[in-house]
Amino acid sequence: MEVPLLKLCGSNYPLSIAFIVVNEFCERFSYYGMRAVLTLYFLSFFHWDENLSTAVYHAFSALCYFTPVIGAIMADSWLGKYKTIIYLSIVYVVGHLIKSVGAIPSLGNQAVHVVLSMVGLFLIALGTGGIKPCVSAFGGDQFEEEHTSERSKFFSIFYLSINAGSLISTFVTPVLRGDVKCFGEDCYALAFGVPAALMVLALVVFIAGSGLYRKTPPQGNVLLEVCKCIGFAIKNRLKNRSREIPKRDHWLDWASEKYSKQLIGEVKMVTRVLFLFIPLPMFWALFDQQGSRWTLQATKMNADFGIYVLQPDQMQFLNPLLILVFIPIFDLGLYPLIDMCKFNFTPIRKMATGMILAGLAFGLAAIIEIKINETDMPQLVPEESLIRVLNLAKNPVQVTIQEKDLFQQPVETFQNPAEYSKLILNGEQQSLRFTLQHQGLTLAFNYTVKEKSVYSLIVFEAEGSLSSRLITDLEAKPENGLAAVRFINGLSQDVNLTIDSRKFIAVQKNYSPSEYSLLERDRYNNGKCITETGEFPLELGLLDFGASYTIVITNISGGAVKTWKSEDIKANNVHMAWQLPQYLLISAGEVMFSITGLAFSYSQSPASMKSVLQAGWLLTVAVGNTFVLIVAEAAPMAQWAEFVLFTVLLFAVCIIFSIMGYFYVSVDPEDLEEKEEKRETSSRGNMIGLVTQKTKL
């Protein structure tokens, strides 16, 4: 039954589209908000390495773009768009809830967390992908046929709601993750719980408009028909390989025994465009790394913008923001200016330019990665270790290591070493003799040193004599831009330290070291040092992004604790603002590639086949993410080298795509349909005089 359509404020816009737009905003907030923190969730909560975290992230993204095919088949062949959206949204909500529960640290062990998270992600991928081809088409169904301009504006508003949801969520959910603490650490349960609540709201809003919707029944799936037609053509051609059988003009003509000429002609148009889609996944392989590799890169940068410290996963909000800015600039400014210059900027050329911009973005990412690596610890190889000397005595000390040519000059008292020295061993581990020369006295100590380890030799005075201790240091930068700090207690009594009212650290006396503690980047000047004689204020100063510190408690005087701070690993000195150019380039590339590609494929397909090309476009995104997954797991390499690899591959694919586009001849589907109709009319005209006669054998 036709539902009488209520209008918005006397316009030709159905009231039902308001529920659809709000539903889409909430759903996109839910999806992008959850995905924004996903890579850091794998890295910090599961303690997976960067390659595995990247691989699982892109496996999830790929699945999100494979499942639209399932949703389209369900909607067109079985349930209709409305019921498909309802049922898969329920699956979507359940997935979010399971994902949020899996992020509660106190619930089971890591295996339980991984299982719950993977099940939740699978259901989310099924839900978000399944409703993707249905919601926008369902919104278009709400308009009457004569209101084409209103329908066109609806799709613009719909796209705006997508970007608005993405923009807000990619800024808000990282704040919920990093700035809010629960269970003593980053609050991933809240960061996933808020998107889950938004998805529940999306479902409630959509159901609330049920009585206003125009619901079209399922009318058969065109995608299935196209696949059957192609399959029959291939099968029929393989059966008829004899040279005596006449050849046909096109390989799809072998389906003419079963399918109409009109369907075969339309499939021919579609396959021409789908063939042009073959190089496109490489663009998406680069584009979707904003949420994985680029976020991981941001964790190794300085995020202090003065008035605000940005979370590394918040940088992703730049993409939807720049898209909203670039679309009117390109449509109203750049493209008309290029037309005025009489340059034929065809859709193929626009897409190729978008590829070039994305490649340049990754070239910049590689340069930034090289600069970031300058503050990293050196990569150690077998039979190699790093060592430095911290002289906590009152006078300079000359240190000599057995048969090693290190530390030529005496180490000054409380001298902050510029860098570690490389120590070459004769096996996996070696016992070495350390000789200390101090005020005419020579002392020797034996220590066992293991390969691929980092050490500090502490030299100090105890009971009137020189002594030493070999302690193990961090081998790599702290993750996620955190600061690592440990304490050496130079007092003759045990101490208990309180940092930022949360961290309680017990350090034994006589130059004993504590374990490393990971802290958020901040100035810590409100600490406390509790000893047998009383409680004293403790000031640590700034603990910066990605740095590692050794803080020596030297004495207590003037009612305060005196300390000396050594920077073991340098802080992140490349500012996060340097990622802005690469975001600018890849967002401009997206406008020229994605929007142009969708419009081009829409213009090159007949009306009945537009959904098929939409499915083909979404599959290019899935294949691109799958390619990143393969590279991350099968060919691990230095991050800057991986960025260079993707840059070179995209430039190579761009050349191939440009050559394919050069030989591609644009067509107007309506013209082809008119020619087909004239051809059929002409054929029928020639058959008017024919009379069917009965004959006998």
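## Strand pairing in a predicted model

In strand β8, Ile458 is the bridge partner of Leu390. The structure is a predicted model, in which local features require pLDDT of at least 70, side-chain atom pairs count only at pLDDT 80 or more, and totals for chains, interfaces and linings use all residues. Residues are numbered from 1 along each chain as its sequence is written, and side-chain values use heavy atoms, with hydrogens and water left out.

Strands are DSSP runs (E, at least two residues) numbered from the N terminus, and two of them pair if DSSP finds at least two bridges between them. The pairings are set out below.

| Strand | Partner strand | Sense | Bridges |
|---|---|---|---|
| β3 (residues 384–391) | β8 (residues 454–462) | parallel | six bridges |
| β10 (residues 483–489) | β19 (residues 548–557) | parallel | six bridges |
| β19 | β20 (residues 560–569) | antiparallel | nine bridges |

Strands β3 and β8 belong to an open sheet of four strands, ordered β5-β3-β8-β9, with mixed pairing. Because β5 (421–424) and β9 (465–472) each have a single partner strand, they stand at the edges, and one side of each is left without a neighbour in the sheet. From one strand to the next, the twist averages 35 degrees, with axes taken as lines fitted to C-alpha atoms and angles running from 0 to 180 degrees between N-to-C directions.

Strand β19 pairs with β10 in the parallel sense and with β20 in the antiparallel sense. Asn489 stands opposite Ile553 of β19, while Ser548 faces Ile569 of β20 across the pairing. Two residues separate β19 from β20 in a hairpin, and Gly558 in the turn has a positive phi of about 65 degrees.
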